[in-house]
Amino acid sequence: MYFDKRVILFDQVFPNQISVLKTLTRFLEEKNCVKNSYQQAIINRESQFPTGLNTTTVGVAIPHTDAKYVNETQIAFMSLSKPVEFKQMGDNAKVEAKFIFMLALDNPHKQPQMLQRLMALFQNEKAMKKLETIKDEKDFIEIMKKEGIEEGQ
């Protein structure tokens with residue numbers, strides 16, 4: 001299960017990328033999903049290899065780092081009321097990210113498959129527009145199941 005620890009936050013407001021990253025990593029640490037070193041590792045990786053993406057609907061970011069910093073696989077999700085600037089993968093262009101999917105994957109072989117599933121979600125305009133309106137964990141999990149990101153219970 002990728003969302004079983006329920007690190008799912010809606011309509012958050014943060015001044016910048018670092019505060020978003022620190023908040024999500026703190027929640028993952030509190031759930032014992034990641035090691036204490038995860039936060040700095042994710043901040044360092046994001047500065048070197050940005051994870052922002054402009055989709056046809058909203059900007060997203062998928063910060064992640066090496067499996068050695070992870071205790072238990074989990075994805076943390078945050079929607080922002082006011083987008084926060086991330087840099088785009090590949091070209092460092094500005095991305096006003098409204099959705100953050102922070103990956104904590106304990107097996108490096110899971111990463112390509114999960115990124116592929118997330119890319120399919122990001123290309124699904126209907127699902128992305130629905131994500132913009134939901135405020136409930138149950139509805140969020142249902143979308144993730146439908147899109148093949150979360151496994152059935």
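Two strands pair if DSSP finds at least two bridges between them. The exercises below apply this to a predicted model.

**Exercise 1. In which sense do S4 and S5 pair, and over how many bridges?**

Step 1. Count the bridges: S4 and S5 share 10. The cut-off is at least two, so they count as paired.

Step 2. Note the direction: this pairing is antiparallel.

Step 3. Look at one bridge. Lysine 87 has lysine 94 of S5 as its partner.

Step 4. Look at the turn. The hairpin of S4 and S5 has 6 residues between the strands, and in it glycine 90 takes a positive phi near 90°.

**Exercise 2. How do S3 and S5 run, and which residue of S5 is the bridge partner of valine 60?**

Step 1. Strand S3 (residues 59-61) is joined to S5 by 3 bridges, and the two run parallel.

Step 2. Valine 60 is bridged to phenylalanine 99 in S5.

Step 3. Check the cover of S5: of its 11 residues, 8 are buried, and the strand is mostly covered.

**Exercise 3. Which residues touch the most other members of the largest nonpolar core?**

Step 1. The core holds 28 residues, and those with the most contacts to other members are Phe3, Phe101, Leu121, Leu131 and Phe140.

Step 2. Find the contributing elements. Two or more residues each come from strands S1 (8-12), S4 (74-87) and S5 (94-104), and from helices H3 (110-123), H4 (125-133) and H5 (137-146). H3 gives the largest share, 5 residues.

Step 3. Take phenylalanine 101 as a case. Leaving out residues up to four places away in sequence, its contacts include Ile62, Phe77, Leu118, Leu121, Leu131, Phe140 and Met144.

Step 4. Separate the other core. Apart from the largest one lies a core of 26 residues, among them Phe14, Ile100, Met102 and Ala104.

**Exercise 4. At what angle do helices H1 and H2 pack?**

Step 1. H1 (residues 17-30) and H2 (residues 38-48) pack at about 145°, with axes 9 Å apart. Their crossing is right-handed.

Step 2. List contact residues. H1 supplies, among others, Ile18, Leu21 and Thr25, while those from H2 include Tyr38, Ile42 and Glu46.

Step 3. Sort them by class: 6 are nonpolar, 3 polar and 4 charged.

**Exercise 5. Is threonine 65 buried or exposed?**

Step 1. Locate threonine 65 in the loop between S3 and S4.

Step 2. Compare areas. Its relative accessible area is 8% and the cut-off is under 20%, so threonine 65 is buried.

Step 3. Name its contacts. Leaving out residues up to four places away in sequence, threonine 65 touches Tyr38, Ala41, Ile42, Arg45, Leu103 and Gln111.

Notes:
Residues numbered from 1 in each chain as written. Predicted model: local features only at pLDDT ≥ 70, side-chain atom pairs only at ≥ 80, totals over all residues. Heavy atoms only, no water. Core = buried A, V, L, I, M, F, W, Y, C linked by side-chain atoms within 4.5 Å. Buried < 20%, exposed > 50% of the residue type's maximum accessible area, 1.4 Å probe, protein only. Helix = DSSP H or I, 4+ residues; strand = E, 2+ residues; numbered from the N terminus. Contact = heavy atoms within 4.5 Å. Axes fitted to C-alpha atoms, helices over the stretch in contact; angles between N-to-C directions. Left-handed = near helix turned anticlockwise from the far one by under 90°. Nonpolar A, V, L, I, M, F, W, Y, C, P; charged D, E, K, R; others polar.
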